[in-house]
Amino acid sequence: MKLPVPERYRPKYKWRETRPGENHQDFTGFDGEQSFGRIQLDTLTSSRLGMWKWNATHVPWVREHIMPHSGWEETSREACRKVEEHYEKLLELHGRPKGL
């Protein structure tokens with residue numbers, strides 16, 4: 001019996017290269033014009049080599065923070081998922097509508 005192949009996560013928000021044209025695996029997530037997170041491929045840390053670092057970035061209206069606000073994932077898609085889920089929790093906590 002074949003097990004179903006899990007679907008790859010599809011980002012809900014726009015992701016752009018953090019420094020366009022520099023060919024880094026480094027992307028920033030945006031909700032409209034507001035940036036809210038970043039993912040980067042680790043090419044330096046021996047224990048995390050090839051993993052994706054994700055972290056929430058400064059959002060001006062956030063008054064209460066949620067932990068964890070950073071971590072490591074095996075794929076860029078899973079790192080996107082973590083950042084987007086974190087951002088949506090912040091939206092909910094602060095009574096703000098989703099900007100999708």
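This briefing covers strand pairing, backbone features and the surroundings of one methionine in a predicted model. Strands β2 and β3 pair antiparallel, and β3 and β4 also run antiparallel. Met67 and Pro68 are joined by a cis peptide bond.

**Strand pairing**
- The antiparallel pairing of β2 with β3 comprises 6 bridges.
- Across this pair, Asp31 is opposite Gln34 of β3.
- The hairpin formed by β2 and β3 has 2 residues between its strands, and Gly32 in this hairpin has a positive phi near 65 degrees.
- Between β3 and β4 there are 5 bridges.
- Gln40 has Lys53 of β4 as its bridge partner.

**Backbone features in loops**
- The cis bond between Met67 and Pro68 has an omega of about -10 degrees.
- Pro68 sits in the loop that connects β4 (52-56) with β5 (70-73).
- Asn23 is not a glycine, yet its phi is positive, at about 60 degrees.
- The loop between β1 (14-17) and β2 (26-31) holds Asn23.
- Asn23 has a relative accessible area of 72%, which is over 50%, so this residue counts as exposed.

**Met51 and its surroundings**
- Met51 is located in the loop between β3 (34-41) and β4.
- Because its relative accessible area is 16%, under the 20% limit, Met51 counts as buried.
- Beyond its neighbours within four places in sequence, Met51 contacts Gln40, Leu41, Asp42, Trp72, Glu73 and Glu74.
- One of these contacts, Gln40, is also the bridge partner of Lys53 in β4.
- Arg10 is 41 residues from Met51 in sequence, and their C-alpha atoms are 19 Å apart.

Conventions. Residues numbered from 1 in each chain as written. Predicted model: local features only at pLDDT ≥ 70, side-chain atom pairs only at ≥ 80, totals over all residues. Heavy atoms only, no water. Helix = DSSP H or I, 4+ residues; strand = E, 2+ residues; numbered from the N terminus. Buried < 20%, exposed > 50% of the residue type's maximum accessible area, 1.4 Å probe, protein only. Contact = heavy atoms within 4.5 Å. Pairing = 2+ DSSP bridges.
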